[in-house]
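The sequence and structure are shown below.

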Amino acid sequence: MLTPELLINIALVASAGLLALFFIIVLTAPYPGFVLQAQENSNSWEVTQLDSWVQQQGLSLGNQVAGIAPRGGTTLLLEYYHIPNLSTESAIKDLDRDERARKLAEVYDILSQPEIEVVLSDGNRIDLTLDHQRPLSSIPIPIWFELVIAISAPLIGALVWVWQTKQLETILLLLSGVGFFLFAFPSAASIYAIDMLYFPTYLFWLLRSGVDVGQSLFYGGAICVLLYYPTKLAIADLWCKRVFIGLFAFAVIAFLSSWKLLTGLNNFSIFQIQQNFY
């Protein structure tokens, strides 16, 4: 029999698993060891932060970067590729989601190579060997707070639910907490939040789909909890169904309008991003 104590332990283990998921996503992403800042009225990017192991290979603070390339490969200009700096968001926002994700995936593919070339604005090229993992110290402190809040929501819902597992209001509270995690977690593990953090397209797809589902669960659960607690309203059953049906219909419509199903290489079906990401 699943006792409250056992369910609490399961909830704690699940929370630890969610934290581990964040580490896996962030720490396994390619790490270039430097941060770029866009220059006003220029197509170049200034190196504003870099690790010592990158500096030892020849890149310096203040270098003006025009692009990156795999060793001996074609240069990728960075006009649309670096998101966190607000001065560049207007350029990337001009692209639809499909084009934006494709461009970001191109950066991911290059940074996933063991050796890359950083192309400076003066035409010089600096060879870099990328053999270091992203340090936890590179993750901004506000992201840790956001991550804790994201994981706490389903944990709190679970800790309430384990004592009244058959009460509809506690189930709804748990669903709301899970939904909050689904749409808050991608904000923490995001290129908008962590400099030079790039993912493959499929991971963008998974995270963004989680946002759509999470919003429906969070708002639906929160609204329905108020219909049942502290006193069940006469319209609770009917309107709770309507709320969830309406929100999930919205999520499906948002999903279908945000992604297109294409046939990729070898006739595998792949999802490709279409409109604004995140």
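## Two loop residues

Pro 230 lies in the loop that joins H7 and H8. In this predicted model, the peptide bond leading from Tyr 229 into Pro 230 is cis, with omega near 5°.

Met 196 is not a glycine, yet its phi is positive, near 55°. Is Met 196 buried or exposed? Its relative accessibility is 6%, and because values under 20% count as buried, Met 196 is classed as buried.

## Overall composition

The protein contains eight helices and eight strands. It has 278 residues, of which 43% count as buried. Of the contacts between residues at least 6 apart in sequence, 64% join residues that are at least 24 apart.

## Packing of H1 with H5

In general, a pair of packed helices is described by the angle between the two axes and the distance between them. Helix H1 covers residues 4-27, and its axis comes within 10 Å of that of H5, with a crossing angle of roughly 160°. Angles over 145 degrees count as roughly antiparallel, so H1 and H5 fall into that class. The crossing of H1 past H5 is right-handed.

On the H1 side, the contact is made by Leu 7, Ile 8, Ala 11, Leu 12, Ser 15, Leu 18, Leu 19, Phe 22 and Phe 23. H5 contributes Ile 143, Trp 144, Leu 147, Ile 151, Pro 154, Leu 155, Ala 158, Leu 159 and Trp 161. By class, the contact of H1 with H5 comprises 17 nonpolar residues, one polar residue and no charged residues.

## Packing of H5 with H6

H5 (residues 141-161) also packs with H6 (residues 168-188): their axes come within 8 Å and cross at roughly 165°. H5 and H6 are therefore roughly antiparallel to each other. H5 passes H6 in a left-handed crossing.

The residues that H5 brings to this contact include Ile 143, Glu 146, Leu 147, Ile 151, Pro 154, Gly 157 and Trp 161. Among those they meet in H6 are Thr 170, Leu 174, Gly 177, Phe 180, Phe 181, Phe 185 and Ser 187. The contact of H5 with H6 divides into 19 nonpolar residues, four polar residues and one charged residue.

## Packing of H6 with H7

Helix H7 spans residues 201-228 and packs against H6 at an angle of about 150°, with the axes 6 Å apart. H6 and H7 are therefore roughly antiparallel as well. The crossing of H6 past H7 is left-handed. In the contact of H6 with H7 there are 19 nonpolar, six polar and one charged residues.

Ile 126 belongs to strand E6, which covers residues 125-129. Ile 126 has a relative accessible area of 12% and is therefore buried. Which residues does Ile 126 contact, leaving aside its neighbours within four places in sequence? They are Gln 57, Gly 58, Leu 59, Asn 63, Ile 116, Glu 117, Val 118 and Leu 120. Gly 58 is 68 residues away from Ile 126 along the chain, while their C-alpha atoms are separated by 6.5 Å.

Ala 251 is placed in helix H8, residues 236-258. With a relative accessible area of 8%, Ala 251 is also buried. Apart from neighbours within four places in sequence, Ala 251 is in contact with Asp 212 and Ser 216.

## Cysteines

A disulfide is a covalent bond between the sulfur atoms of two cysteines. How many disulfides does the model contain? With a cut-off of 2.5 Å between cysteine sulfur atoms, the count is zero. Cys 224 has 0% relative accessibility and therefore counts as buried. Cys 240, at 8% relative accessibility, likewise counts as buried.

How values were computed:
Residues are numbered from 1 along each chain as its sequence is written. This is a predicted model: local features need pLDDT of at least 70, side-chain atom pairs count only at pLDDT 80 or more; totals for chains, interfaces and linings use all residues. Side-chain values use heavy atoms; hydrogens and water are left out. Axes are lines fitted to C-alpha atoms, for helices over the stretch in contact, and angles run from 0 to 180 degrees between N-to-C directions. Helices (H or I, at least four residues) and strands (E, at least two) are DSSP runs, numbered from the N terminus. Angles under 35 degrees count as roughly parallel, over 145 as roughly antiparallel, 65 to 115 as roughly perpendicular and the rest as oblique. A crossing is left-handed if the near helix is turned anticlockwise from the far one by less than a right angle, and right-handed if clockwise. Contact means heavy atoms within 4.5 Å. Ala, Val, Leu, Ile, Met, Phe, Trp, Tyr, Cys and Pro count as nonpolar, Asp, Glu, Lys and Arg as charged, and the others, Gly among them, as polar. Buried means under 20% relative accessible area, exposed over 50%, partly exposed in between (1.4 Å probe, protein chains only).
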